[in-house]
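Thanks for coming, everyone. Let me put the structure up, and then we'll walk through it together.

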Amino acid sequence: MTDEHPPSTLPLRRAYTFWAPIYDALIDNRATRRVRQRSIELLRDWGGKRVLLIGVGSGLDLPFLPYDGTYTGIDITPAMLERARRRAQRWGCPIRLMKGNAMSLPFDDDEFDRIVMHLILAVVPDPARALCEAARVLRPGGEILILDKFLRPGQRAPLRRALNVLTRRLATRTDVVFEDTLAQCPGPTLVHDEPAFLGGWFRHIILRKE
Ligand SMILES: C[S@@+](CC[C@H](N)C(=O)[O-])C[C@H]1O[C@@H](n2cnc3c(N)ncnc32)[C@H](O)[C@@H]1O
């Protein structure tokens, strides 16, 4: 997308090193599990697919994946990756886990059939860059599965925009407009968009690379 260096990952790496021991206790519950499962089930035929999970975190998606795909998970925070490694072992999930930056992916073009971006696009400081990187490593015809919180174009949401100043370095952004992000990334097109959680603040989105 650009030759400039991506923004620093250090603040979020520090933040998620702090959150790692309590992340599951904060995030994982019956409602969020249902939302994850719904997201994964939106796409069929995982068998034999090369799947990349960007910002895999502690691996909360792993129990929902059909284990006949080839999985790779990346994250910038070693403490989160360690939790994902333990979860993968517990569930017998065959996944290659590695450190990597969503805004500068360590993969070749067209390397994956499917990309899972759960709670990462609205986390990174440059979502458009992360989305373009995902599109770059996705093969033509492949899909990007997104689950995250987005504002709608023109939505004022003053509280969320104000909160963003605080939250963007601590955990996540709250001011990302999905449509603006997609507009900066030529290639993938929107094929599905449905409300997921909290009155549609969180959305299930599928993009396809034509
Ligand atoms: C909100 S958590 C989501 C984790 C997981 N996807 C989930 O659904 O539970 C965000 C994750 O993104 C990781 N992360 C933040 N910035 C990143 C970046 N630039 N590249 C890769 N991972 C990043 C954090 O370490 C953290 O594990």
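Is phenylalanine 197 buried, exposed or partly exposed? Keep in mind that this is a predicted model. Buried means under 20% relative accessible area, and exposed means over 50%. Phenylalanine 197 has a relative accessible area of 26%, so it counts as partly exposed. Find phenylalanine 197 in strand β6. Now look across to leucine 147. Phenylalanine 197 and leucine 147 are 50 residues apart in sequence. In space, their C-alpha atoms are 9.7 Å apart.

Which class does glutamate 194 fall into? Its relative accessibility is 17%, so glutamate 194 counts as buried. Take one more pair. Glutamate 194 and leucine 166 are 28 residues apart along the chain. Their C-alpha atoms are separated by 28 Å.

Next, the ligand. How many residues surround the ligand? The count is 21. The closest are Tyr23, Gly55, Asp75, Thr77 and His118. Sort the shell by class, and you get 12 nonpolar, seven polar and two charged residues. Which helix gives the most to this shell? Helix α1, residues 10-27, does, with three residues.

Where does the ligand sit? The space taken by the ligand is the largest pocket.

Start with tyrosine 23. An N or O atom in the side chain of tyrosine 23 is 2.7 Å from an oxygen atom of the ligand. Then arginine 36. One of the polar side-chain atoms of arginine 36 lies 2.8 Å from a ligand oxygen. Alanine 102 uses its backbone. A polar backbone atom of alanine 102 is 2.8 Å from a nitrogen atom of the ligand.

Last topic: backbone angles. Look at aspartate 45. It is found in the loop between α2, residues 30-41, and β1, residues 50-54. Phi of aspartate 45 is near 55°. That is a positive value in a residue other than glycine. Is aspartate 45 buried or exposed? Its relative accessible area is 60%, so aspartate 45 is exposed.

Now alanine 157. Its place is in the loop between β5, residues 138-149, and α5, residues 158-170. Phi of alanine 157 is near 40°, again a positive value in a residue other than glycine. Is alanine 157 buried or exposed? Alanine 157 is buried, because its relative accessible area is 13%.

Over to you for questions.

Terms used. Residues numbered from 1 in each chain as written. Predicted model: local features only at pLDDT ≥ 70, side-chain atom pairs only at ≥ 80, totals over all residues. Heavy atoms only, no water. Near = heavy atom within 4 Å. Polar contact = N/O pair within 3.5 Å; in protein donor to acceptor, adjacent residues only side chain to side chain. 1 Å grid on protein atoms, 1.4 Å probe; cavity = no way out; pocket = protein on both sides within 12 Å on 5 of 7 lines; lining within 4 Å. Sits in = over half its atoms within 2 Å of the grid points. Helix = DSSP H or I, 4+ residues; strand = E, 2+ residues; numbered from the N terminus. Nonpolar A, V, L, I, M, F, W, Y, C, P; charged D, E, K, R; others polar. Buried < 20%, exposed > 50% of the residue type's maximum accessible area, 1.4 Å probe, protein only.
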